[in-house]
Amino acid sequence: MTKTAITHIKPWVAVACLMILAAGCQGPAGWRDYYVPPPAAPLGALSDPIWQTQEISAEHSDFVIHEHEFELEPDRLNTAGEDHVKQIAVRLLGGQDAMVVVERSMSSSRPDTEHEYPVHPNPELDMRRRDIIVRSLLAMGVNDADQRVVVAPAFAQGYTGNEAEAAYGSGLSGGAFGGSGAGGFGGGFGGFMFRGW
């Protein structure tokens with residue numbers, strides 16, 4: 001056989017080998033016939049536990065009685081605080097197991113400071129407020145209120161000044177058309193004018 005005949009056979013041999021290999025991979029004994037993909041997870045199987053954990057964690061914040069739910073003088077609950085304590089009592093009597101937290105006060109002034117700003121804790125006031133909550137829950141039938149009520153910081157972080165301004169709507173960072181003016185559409189733009197816009 002001459003050299004030219006061998007060179008003409010080589011491409012055909014290569015093509016035949018490739019066809020045999022391809023047929024072997026795709027044939028009835030190929031690996032794809034034995035591979036079974038795993039079943040798809042139901043919708044939400046990965047994300048639902050995350051949301052449920054967040055929801056359970058957030059439930060504890062429902063049992064925090066915040067500082068703004070008390071009146072400063074005398075030490076007593078305001079209307080919103082009274083409603084909140086009633087809701088807490090209903091949930092505790094319904095079988096929900098949670099600690100009741102009285103938010104630590106940070107609005108007392110101290111005479112030994114230079115400007116006497118009302119930004120200091122007051123443990124005596126906190127204990128009086130705790131006593132109010134314990135007595136209120138006992139009166140509504142929560143027999144273990146003394147063991148459930150504690151004084152501690154609130155679980156959720158409070159607003160910063162800029163966040164509070166944006167949430168309650170004053171000036172440009174406010175709601176749709178409200179603002180620092182007389183309210184409503186005209187008040188919003190009146191507020192912008194007075195603020196130098």
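How many helices and strands does the chain have? The chain has seven helices and five strands, taken as DSSP runs (H or I, at least four residues, for helices; E, at least two, for strands) and numbered from the N terminus. This is a predicted model, where local features need pLDDT of at least 70, side-chain atom pairs count only at pLDDT 80 or more, and totals for chains, interfaces and linings use all residues. Residues are numbered from 1 along each chain as its sequence is written, and side-chain values use heavy atoms, with hydrogens and water left out.

**Overall fold**
- From the N terminus on, the element order is α-α-β-β-β-α-β-α-α-β-α-α.
- Of the 197 residues, 24% count as buried, meaning under 20% relative accessible area with a 1.4 Å probe and protein chains only.
- Take the contacts (heavy atoms within 4.5 Å) between residues at least 6 apart in sequence: 50% join residues at least 24 apart.

**Helix α4**
- Helix α4 covers residues 123–139.
- Its 17 residues should span 24 Å at 1.5 Å a residue, and the end C-alpha atoms are 24 Å apart, which agrees. The expected span is 1.5 Å times one less than the number of residues.
- Its buried residues are Leu125, Asp126, Arg129, Arg130, Ile132, Ile133, Val134 and Leu137.
- Just after α4, Gly141 takes a positive phi of about 100°.

**Ser105**
- Ser105 sits in the loop between β4 (100–103) and α4.
- Ser105 is buried, at a relative accessible area of 0%.
- The side chains of Ser105 and Asp126 make a polar contact of 2.7 Å. Such a contact is a pair of N or O atoms within 3.5 Å; within protein, one must be able to donate a hydrogen and the other to accept it, and residues adjacent in sequence count only if both atoms are side-chain atoms.
- Leaving aside neighbours within four places in sequence, Ser105 is in contact with Glu67, His120, Pro121, Asn122, Leu125, Asp126 and Arg129.
- Ser105 and Pro123 are 18 residues apart along the chain, with C-alpha atoms separated by 7.8 Å.

**Lining residues**
- The lining of the largest pocket is His66, Glu67, His68, Glu103, Ala154, Ala156, Gln157, Gly158 and Tyr159. A pocket is an open set of points on a 1 Å grid over the protein atoms alone where a 1.4 Å probe fits, with protein on both sides within 12 Å along at least five of seven lines; lining residues have an atom within 4 Å of a point.

Note on methods. Buried means under 20% relative accessible area, exposed over 50%, partly exposed in between (1.4 Å probe, protein chains only).
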